[in-house]
Amino acid sequence: MKLSSALLFAISAVTAKGFAPIATVPTSRTSSLKGTASPTVEKESFQRSLLAAQLANKKTNGKKAEDAPPVNIGWDSHKPVDKAPDSLVRPGDGPDGNYPMRARFEQMIREAQISITDAIEKIDGKAKFQEDSWIRANGGGGMSRVLKDGAVFEKAGVNLSVVYGSMPQEALQAATERGVDRAKGMAPGERVPFFACGLSCVMHPRNPHCPTMHFNYRYFETDGGVWWFGGGTDITPAYLNEDDMRHFHGTYKEVCDRHDPEFYPKFKAWADKYFVISHRNETRGLGGIFFDDLNDREPEKLFEFAKDAVNSVVPAYGPIIEAHKDDPFTEQQKQWQLMRRGRYVEFNLVYDRGTVFGLKTGGRIESILMSLPETARWEYDHHPEPGSPEADIMDAFKHAREWV
């Protein structure tokens, strides 16, 4: 069964209502995924956090729901513009203002968005990225760059967003690893004003031997002065090529080692755990690095790490696409790729923290759902043939491996 993007949009509107994003909560339950804990308890915890946030939206400090400020920024709060302003942060948040890291991070990811999309256009050789820009009256906005119908890429998108908003403390808890610590200086029940700035990307190549790639790098700050970085880059192949995985993971190990030798083993294991589709007991792909709620050292050092990581996307991913974009493939291999895309959709709509956070806070829907492939497939009770290449990569999806 193949679904169009329009139908996937309809599914997302229903699916996203019932689920909250993943949190990392210690649990004694075990999983067949080596080195990981079962995400079941984690998702139950977030269900409770989301319910608390919804209840907080109905009643705030004794006010009626209609009198309380909304949790969502607002679906209609985005104003399209022909060209985004030089900066999307508020004037007082500039380099010489009260919150200098906000403007610095935005400038860094703007430059990364341009360099990455330029490189992908050269690899594709046919299609160009279309840019949509928008602003919000209360500050912030974004720029979405999307490529479609390319020679190499069926769909690729690189989105930049700057968000000013507020949320109940319970919703903040559901959005981060240690959200309970992120409402510093706020009275009980008081909403937390926040700033978020990030660059996210998903690329879906046509050829089944070319893996999908995703990255997201973000900076989050509350008006109470609490800040943290998050992000990562991960890869989702339909077929296993160990040389490709050694190159991809090796590139990010080198990035991590330049900043802290403990980063790669920690963030690689974090990715293996985060990208689990728990109702399938398998991972979305073959990982990479993932980190969140990172503020354990000077912000300047973490800024440089995030900058190094996002600027390593093309060196990590580009050579793999160049090597396989012209590989021959069969119709059966294409169908398998579409089934794996179906798993990608399941994870993004049910578990992905960024997707659910965007849907719950009134983000721009076209940008939030940009990550979904144009086509995907679900086949009833499908099992790969034992000993087949499909069975080989399924084993890697179910048992995390070390690549470097």
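Predicted model: local features only at pLDDT ≥ 70, side-chain atom pairs only at ≥ 80, totals over all residues.
**Entry 1: D293**

I looked up the backbone at D293. Its phi is positive, at about 60 degrees, although D293 is not a glycine. I then asked where D293 sits. The place of D293 is in strand β11, which covers residues 288–294. Is D293 buried or exposed? D293 has 2% relative accessibility, so I put it down as buried. The cut-off for buried is under 20%.

**Entry 2: D381**

I turned to D381 next. D381 is not a glycine, yet I found a positive phi of about 50 degrees. I located D381 in the loop between β12 (376–377) and α12 (389–398). I noted 54% relative accessibility for D381, and therefore it counts as exposed. Exposed begins over 50%.

**Entry 3: α5 and α8**

I moved on to two helices. Helix α5 spans residues 242–257, and helix α8 spans residues 313–324. How far apart are their axes? I read 8 Å, with a packing angle of about 165 degrees. Because of that angle, α5 is roughly antiparallel to α8; the cut-off is over 145 degrees. I logged the crossing of α5 and α8 as right-handed.

Which residues meet there? From α5 I listed D244, H247, F248, T251 and Y252. On the α8 side I listed V313, P315, A316, P319, I320 and H324. I sorted the residues of this contact by kind: seven are nonpolar, three are polar and one is charged.

Terms used:
Residues numbered from 1 in each chain as written. Heavy atoms only, no water. Helix = DSSP H or I, 4+ residues; strand = E, 2+ residues; numbered from the N terminus. Buried < 20%, exposed > 50% of the residue type's maximum accessible area, 1.4 Å probe, protein only. Axes fitted to C-alpha atoms, helices over the stretch in contact; angles between N-to-C directions. Parallel < 35°, antiparallel > 145°, perpendicular 65-115°, else oblique. Left-handed = near helix turned anticlockwise from the far one by under 90°. Contact = heavy atoms within 4.5 Å. Nonpolar A, V, L, I, M, F, W, Y, C, P; charged D, E, K, R; others polar.
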